[in-house]
Amino acid sequence: MNKNYVGEGKVQLIAGGGKIYTDIAARFVGSEKSLDEIIARPYSKELVLRIVNSGHKAAVEFDYFIFGIEGFARVTEIQLVRKRIASYMIKTGRLNKDGKRSFDIVIPKNIENNRVSYKLPVGALTLTDGTPLQNYLPDEVVELNYNIGVDEILDMIENWYEAGVRDGFPEEDLRYLKPQATEFKAIIGMNAHALSDWFSIRCCKRAQDEIRDLANKMLALCKAAAPDLFINAGPNCKVLGYCPENEMQHQDCRGKVIIKAEAMKLLKEARIKK
């Protein structure tokens, strides 16, 4: 078993950035010039910033980014694929690999202290040579306590899975008992508009730690590769100037970031004064 922790996942930008196409796409809307002239014009940072700041983001959808990720748990995969405007290729858990599949796990560190006492029926226990354990215990002892934690549970699942593979059970069926902590690898493709929307939600402190870690790592790569496109990208509070979560605002932000209801009230009052 390879056990890793939330926050250790890796992200690589495979493609995207460099040449930006948003300004070319934007010129097609209002230009009287020929196709050749539009394409031949040099990159315009001013035009890209105007598009990004205006919120008319149809043009930024012509810039596409591809990421490779590994070291994240299936928990995060489930949340990730809720973003519909994206392409995903995810490592399969279905193929039979004849025992060559590694058992890779990603968990939050804080759950490792959660241990429980589990009752084992003595009648089902044997010594390693097959001798019933009951032979060595008084008849009134029918249960034993087994104190188990994360490592013991994962070890049992791994052994159960590998035994199933050796006995010829299909891995597509055995995987039903794999934990959500199972690591997944994926290639993700999103255009700049979809990425900006995704960052606004998943970089927020209300997002779960692991997917926020993934979003922040992708955002850092995007800002480095295409700083003009992502100049305003980040959590909603950074993009909007207020927190749209209202009463669901993260506790760390309370008193520091104005919520949407308060911001709208101030705007209405300012409008009335005029």
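## Terms and model

A residue is called buried when its relative accessible area is under 20%, exposed when that area is over 50%, and partly exposed in between (1.4 Å probe, protein chains only). The structure is a predicted model, in which local features need pLDDT of at least 70 and side-chain atom pairs count only at pLDDT 80 or more, while totals for chains, interfaces and linings use all residues. Residues are numbered from 1 along each chain as its sequence is written, and side-chain values use heavy atoms, with hydrogens and water left out.

## Q79

Q79 belongs to helix α4 (residues 74-80); helices (H or I, at least four residues) and strands (E, at least two) are DSSP runs numbered from the N terminus. Because its relative accessible area is 11%, Q79 counts as buried.

The side chain of Q79 reaches the backbone oxygen of V75 at 3.3 Å. Apart from neighbours within four places in sequence, Q79 is in contact (heavy atoms within 4.5 Å) with R202, Q208 and I211.

## The nonpolar cores

A nonpolar core is a set of buried Ala, Val, Leu, Ile, Met, Phe, Trp, Tyr and Cys residues joined through side-chain atoms within 4.5 Å. The largest one here has 36 residues, and F65, I69, L195, W198, F199, L229 and F230 touch the most other members. Elements giving two or more residues to this core include β3 (64-73), α7 (192-202) and α8 (209-225). The largest share, six residues, comes from α8.

L229 has contacts beyond its neighbours within four places in sequence, among them I20, V48, F65 and A192. A second, separate core has eight residues, including F103, I105, V150 and L154.

## Helices α1 and α3

In α1, the residues T22, D23, I24, A25, A26 and R27 are buried. Their cover includes α2 (35-40) and α3.

The axes of α1 and α3, lines fitted to C-alpha atoms over the stretch in contact, with angles from 0 to 180 degrees between N-to-C directions, come within 9 Å and cross at roughly 80°. Therefore α1 is roughly perpendicular to α3, a term for angles of 65 to 115 degrees. T22, D23, A26 and R27 of α1 meet L47, V48 and I51 of α3 in this contact.

## Two positive phi angles

D98 is not a glycine, yet its phi is positive, at about 50°. D98 sits in the loop between β4 (87-90) and β5 (104-107), and its relative accessibility of 68% makes it exposed.

N246, also a residue other than glycine, has a positive phi near 50°. N246 lies in the loop between α9 (236-240) and α10 (260-273).

Terms used
Polar contact = N/O pair within 3.5 Å; in protein donor to acceptor, adjacent residues only side chain to side chain. Parallel < 35°, antiparallel > 145°, perpendicular 65-115°, else oblique.
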